[in-house]
Amino acid sequence: MNQNPESSVSPATVELPLKEAVEPADQEAVAGIIERAWKDGIPVYPWGGCTQMGRGARAVEPGMGLSLRGLNRLVDYPSRDLTVTVEAGLTVAELRHTLARHNQRLPVDIPNAATATIGGAVAASVAGPRQFRWGTLRDYVIGVRAVDGSGMVFSGGGRVVKNAAGYDLCRLLTGSYGTLAVLVQLTLMVKPMPEETAFVIVEASDHGDAERILAHLVRTRTLPSAVELLAGPAWESLGDGLASRGGFWIAVGLEGSPDEVSWMVDQLQAEWREAGVALWHTLHGDEAWAFWDRLTEFPWKAASNNGDGELLVQFHVFPSAVCELVQRLRASQPRASIQAHAGNGVVLARLDIAAEQAAAMVEQNLRPMSASLGGRAIVLKQPRGSDLSRQAIFGPAPPGWQVMQAIKRQFDPKGILNRGRFLLG
């Protein structure tokens, strides 16, 4: 029996108004901590590896920090069933290492893998370039164990892939940012590891040229894992003599067996040749794997030396509007670095901007720009020293807002979980 179910931890690296911070050693201790906080009406701010703490508004009400790093066990791994059950505090790197020993993987791109926890990644619904083919974490979480805002432990889903019983709590809690419940255990569906990967990269001279190339990809006979549109200072050079002439890079990621990847590379080059694309470059082996890492880490890799002056905004538009949005961003902010998951309509823009200008930039420029294209914008990271309101960060309340509020009240009656940080906080 654990004689030390919880211990104090230093909150020095966490920018939260904390009275105290604790690190429970087991799932039962988490429930006890939250139950006590619920009785006292004290806000609870959960975290894992602290890699996503910049998301959301800055909390103002003092409360309790809850570190989940002590919950780091591998609970069950029947590899032949292509499922794995882990505690929420296990790091993404540790999970990858375990899966790789069986030539398996979770095909979702999660940055800062050495520090990020799987629970934190699920709570923030982190996704990267591979979502074009493989989807997001919502597609892989098949079982959850969590603690609601009153300290009650509950479970949803199961340990088998084909499970459709009851409410889909897995999808509900994925991306809920810890505002509905604190995740303590997760069961994930995994996939076989590809043997080979490659990128075929082409530069487009302007947004019209980029749009034409992307349109041809809609009819490709290949099966890309990623379709990325890249622009700005961060992508001026892709290495190995690949230097931008001021246009756009289009990078198509391919994965599979060596024969599959070889055929897809040849097929895509033939399709582009037929479409009038004259020059491309192909990355294989270690170069391709390194480029996957670069794409994954882009949103959270600071452009400036200390990262204090950086604004990171995520746009969601229709895929057909991606090129137009990127063009407008470049016209408005010439020094912005942009990564678009073009096939999914997700555009990430990193801007180096003074803290006092951030709110006006979002409200008067970036959000109207996305709205004019039928999209929306969310601030993922704000410059140090700025203090954007929740309205500025998330924009207007989305459709179904009243339903979301009702769900929040059911899971967290006193609103203690991540109070003030998110729309449902």
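Modeller: Happy to! One definition to begin with: a charge sits over a ring if NZ of Lys or CZ of Arg is within 6 Å of the ring centre and within 35 degrees of the ring normal. Please keep in mind that this is a predicted model. By that definition, the charged end of R130 sits over the ring of W292, 3.8 Å from the ring centre.

W292 also belongs to a cluster, in which ring pairs link it with F199, W235, F291 and F298. Across the whole structure, a search finds 7 aromatic pairs. One of them joins W235 and F291, an edge-to-face pair with 6.5 Å from centre to centre and 70° between the planes. W235 sits in the loop between β13 (226–231) and β14 (237–239), while F291 is in helix α8 (residues 285–297), so their pair ties together parts that are 56 residues apart in sequence. Both W235 and F291 are buried.

Then there is the pair of F394 and F422: the ring centres are 6.1 Å apart and the planes meet at 55°, so this pair counts as tilted. F394 belongs to helix α11 (residues 390–394) and F422 to the segment after α12 (401–411), so here the parts tied together are 28 residues apart in sequence. F394 and F422 are both buried.

Back to charges for a last stop: K414 lies over the face of W38, at 5.0 Å from the ring centre.

Methods:
Residues are numbered from 1 along each chain as its sequence is written. This is a predicted model: local features need pLDDT of at least 70, side-chain atom pairs count only at pLDDT 80 or more; totals for chains, interfaces and linings use all residues. Side-chain values use heavy atoms; hydrogens and water are left out. Rings of Phe, Tyr and Trp (its six-membered ring) pair if their centres lie within 6.5 Å; planes under 30 degrees apart count as stacked, over 60 as edge-to-face and the rest as tilted. Helices (H or I, at least four residues) and strands (E, at least two) are DSSP runs, numbered from the N terminus. Buried means under 20% relative accessible area, exposed over 50%, partly exposed in between (1.4 Å probe, protein chains only).
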